[in-house]
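Please look through the sequence and the structure below before reading on.

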Amino acid sequence: MWAIITVVVVFEFFTGATLRKGINRVIGTVLGGGLGCLAAILAGESGENGGALVVGISVIIIGVGATYSRLIPSVKKKYDYGVLIFILTFSLVVVSGVRADKIMKLAGERLSNIVMGFAVCVFTSFIYPIWAGDELHFSTATKFDKLATSIQGCLEEYFMIANDEEKKATIDISGCKSVMHCKSSDESLANFAKWEPWNGKFGFFYPWEKYLNIGEVLRELAAMIISFKGCIKSVRQSSPKERDNIREPCEKIGLSLATILMELGDSIRDMKRCRAKSLITQCMREELSLLVNLDNNNNSTDNESTLGLASFIFQILEMVDKVELLATKVEELGEIAHFHNKKLDV
């Protein structure tokens with residue numbers, strides 16, 4: 001029965017998740033059963049009244065200590081299920097009332113059944129493994145493409161001023177929203193990936209935490225793009241003439257941002273280094289300077305129009321800084337994960 005229960009409870013979609021729950025269950029069962037046996041033996045040798053006292057004190061001390069340990073972030077993140085199994089196993093063994101000479105036999109049988117169920121789960125998972133590390137790796141690379149598409153869409157709509165039909169075009173920021181809502185799934189995938197054995201491109205102690213750092217910056221950039229959309233949709237906008245004045249440098253910057261984001265995504269996907277950060281320095285600083293100068297030379301007397309134009313330029317500058325930070329994070333990942341060198345044409 002315990003083997004079947006173990007298979008039902010432990011088996012998960014990702015191989016790393018199955019290994020994590022299985023190892024936690026085995027360790028929790030061994031530790032909980034071992035301490036429970038010791039406490040039960042001690043209670044049996046303490047007489048009827050003394051035994052009840054030993055059982056009560058041990059359950060309170062061990063149970064409270066283990067329960068509060070689940071509140072520690074590092075323990076809860078990796079070993080929460082194991083601590084839960086430890087508490088349940090310890091409590092069941094201590095309060096079962098089984099005589100000391102039968103406890104060891106019962107514990108051995110239960111442990112062997114759990115190990116058998118865990119072995120079945122592991123064998124099944126490795127027939128056609130689904131690696132959480134692969135999922136996190138490729139989903140992170142895909143997020144760069146989504147944000148690049150959103151930036152291009154925002155800039156294209158901002159300069160669609162030829163007729164009313166084009167003004168009614170809507171910006172698709174569904175990619176930004178999906179990036180914003182992926183924090184919990186990314187953390188779960190990174191946690192599962194840490195339990196996975198060496199597979200494909202990913203070895204032991206692979207820097208999965210760096211993917212979470214990159215994901216955090218990507219979410220910040222996605223929030224900026226959503227805010228950028230709000231700026232574009234605002235009723236306080238610059239005149240068509242003022243937009244035409246900044247159109248060329250803005251389109252160049254937008255194209256450069258999208259290209260760099262795609263390069264960064266390809267760098268992660270192919271595990272090859274790129275020099276996107278140097279491209280920002282070389283190709284975009286002149287356009288940024290020109291854009292700021294155009295804003296400073298704006299002689300418009302309409303305060304709302306000037307405010308709308310300044311807000312638009314400020315949003316672009318902020319996105320450039322965030323993309324530069326992303327390039328730095330990806331370069332750090334490439335150094336730690338030993339990405340291959342990649343030659344790019346400027």
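## Around F144

In this predicted model, F144 is in contact, once its neighbours within four places in sequence are left aside, with I214, L218, L261, L264, G265, I268, L326 and V330.

## The nonpolar cores

F144 also belongs to the largest nonpolar core, which has 59 residues, and it is one of the members that touch the most others, together with L147, L261, F312, I316, M319 and L326. At least two residues of this core come from each of the helices α6 (132-158), α8 (174-180), α9 (183-193), α10 (208-233), α11 (240-270) and α14 (303-337). Which helix supplies the largest share of the core? That helix is α10, with 13 residues.

## Helix α3 and the recorded regions

Helix α3 covers residues 47-69, 23 residues in total, and it reaches 32 Å from its first C-alpha to its last, which is close to the 33 Å expected at 1.5 Å a residue. Its buried residues are G51, V55, S58, G63, A66 and S69, and what covers them includes the helices α2 (15-44) and α4 (73-95).

An unreviewed UniProt entry lists residues 26-44, 51-69, 81-99 and 111-131 under "transmembrane region". In the model, the chain over residues 51-69 is 100% helix and 0% strand, with its end C-alpha atoms 27 Å apart. Over residues 111-131 the chain is 81% helix and 0% strand, and here the end C-alpha atoms are 28 Å apart.

## S185 in helix α9

S185 lies in helix α9. Is this residue buried, partly exposed or exposed? S185 counts as partly exposed because its relative accessibility is 34%, a value that falls between the limits of 20% for buried and 50% for exposed. Although S185 and L136 are 49 residues apart in sequence, their C-alpha atoms are 8.9 Å apart in space.

The average pLDDT of the protein is 79, and 82% of the residues score at least 70. Confidence is highest in helix α9, at a mean of 89, and lowest in helix α7 (residues 164-167), at a mean of 46. Over residues 162-166 the pLDDT is below 50, and this stretch has one contact in the model beyond near neighbours in sequence. Where pLDDT is low, the predicted coordinates should not be read in detail.

How values were computed: Residues numbered from 1 in each chain as written. Predicted model: local features only at pLDDT ≥ 70, side-chain atom pairs only at ≥ 80, totals over all residues. Heavy atoms only, no water. Core = buried A, V, L, I, M, F, W, Y, C linked by side-chain atoms within 4.5 Å. Buried < 20%, exposed > 50% of the residue type's maximum accessible area, 1.4 Å probe, protein only. Helix = DSSP H or I, 4+ residues; strand = E, 2+ residues; numbered from the N terminus. Contact = heavy atoms within 4.5 Å. Expected span 1.5 Å × (residues − 1). UniProt positions renumbered as here; feature names shortened; annotations may be inferred. pLDDT = per-residue confidence, 0-100.
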